[in-house]
Amino acid sequence: MSLVYITTEPSDRIRVEETIQTPDWIHPHLIESTDAIKGRQFLVSGPIPKGACLLVDSPYAVIPVVDEPAQNDNLICSNPACNRPAPCHTRTSCPNACIPDVTWCGSICRDADSLRHEFECAWLKRYAGTIRSKRGEYDFGMLWVILRLLAARHCQLNERTVAESHWKHGWSGIESLCGSEDTWPHDMVRSWSALVKKYLRSSSALPHEMSADRVLHLICQEEANSFGLYPRETGHFPLPNPPVDRGEQFAAAVYPTAAIANHSCLPNIIHKADDKGRMVFTASRDIFPGEECCISYFDLTQYTDLTSRREHLRKSFRFVCQCERCVSEESGKETEWTAMPMMDI
Ligand SMILES: [Zn+2]
Ligand SMILES: [Zn+2]
Ligand SMILES: [Zn+2]
């Protein structure tokens, strides 16, 4: 992913203390670096054995992504400190009955989450149905993630904690995410811009005090950095025999630190969210000093050949993969092509 410098607007001058939501755990040998082409990256400063936990990162914002939420036991608790599944028979719904996707695993979580949910509740009640029917689930989910990022920032601005760390987290971690208007096709950016003007302008009902351009930029960042949450791990390679996919998505989230990881089709990290929605990185082999730590951005059982992997990454993540597996398969293909010039592409 390319490196993007983000300018700070006057509305962002309210200094957000960099204290809330530090990554829960970072391996002491995992360091952040910058690559001229890829932008931010994770490097290893000392040996890391296979199976070691490298990172546990809490989401800055997470939304559930399930069909039939009212009857679905995989729906997660809306309290960001919890994020555990809230089974139908024990859950507590919103007293304002905003949308069935919002639930809590009990009244303790609902009460603890009241300030944050207040920020989104009226918006959800007013717009969710319209956006879902006019624009579909994808756009609704995207706008809801943005709304929850703004809600988390709103809560953060109302808290005061001071601590020191060289890892950017909380809202400043979100501001550091890559992704800009130039990353995405013009018609996509135009469509997002229209959505922002229609649904996410700052108002008394949605007091985020950010300009429409800044919110549009946030969408560009979110689209380049959000993770899907799945019941099983992503990134096992070589594929187990028989291959095991990662299962059905149940949530989507933005992680300030985990987002630094770049992609490889031959990753040395496997990733999966734990039962609190925290992203956990685990070394899938021994990693040596100076090596980059990469995850796979997609389910490696779904896109197996070079062409389908590159096409998927180009469409969804806007880059041409040059990982060692792609490069070696590319040269293998070229050799084959030279040997059989009459073959159809
Ligand atoms: Zn809960
Ligand atoms: Zn509500
Ligand atoms: Zn690749």
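Colleague: In this predicted model, is the crossing of α3 and α6 left-handed or right-handed?
Modeller: The two helices concerned are α3 and helix α6, the latter formed by residues 212-225. Their crossing is right-handed.

Colleague: Which residues of α6 meet α3?
Modeller: On the α3 side, the contact is formed by Met142, Val145, Ile146 and Leu149. By class, the contact of α3 with α6 has seven nonpolar, no polar and two charged residues. The partners in α6 are Val215, Leu218, Ile219, Glu222 and Glu223.

Colleague: How is α2 oriented to α3, roughly parallel or roughly antiparallel?
Modeller: Helix α2 spans residues 114-135 and helix α3 spans residues 137-157. They pack at an angle of about 165°, their axes being 10 Å apart. Angles over 145 degrees count as roughly antiparallel. The orientation of α2 to α3 is therefore roughly antiparallel.

Colleague: How many charged residues has the contact of α2 with α3?
Modeller: α2 passes α3 in a right-handed crossing. Residues making the contact include Arg116, Glu120 and Trp123 of α2, and Asp139, Phe140 and Arg148 of α3. By class, 11 residues of this contact are nonpolar and one is polar. The number of charged residues is seven.

How values were computed
Residues numbered from 1 in each chain as written. Chains lettered and ligands numbered in written order. Predicted model: local features only at pLDDT ≥ 70, side-chain atom pairs only at ≥ 80, totals over all residues. Axes fitted to C-alpha atoms, helices over the stretch in contact; angles between N-to-C directions. Helix = DSSP H or I, 4+ residues; strand = E, 2+ residues; numbered from the N terminus. Parallel < 35°, antiparallel > 145°, perpendicular 65-115°, else oblique. Left-handed = near helix turned anticlockwise from the far one by under 90°. Contact = placed C-beta atoms within 7 Å. Nonpolar A, V, L, I, M, F, W, Y, C, P; charged D, E, K, R; others polar.
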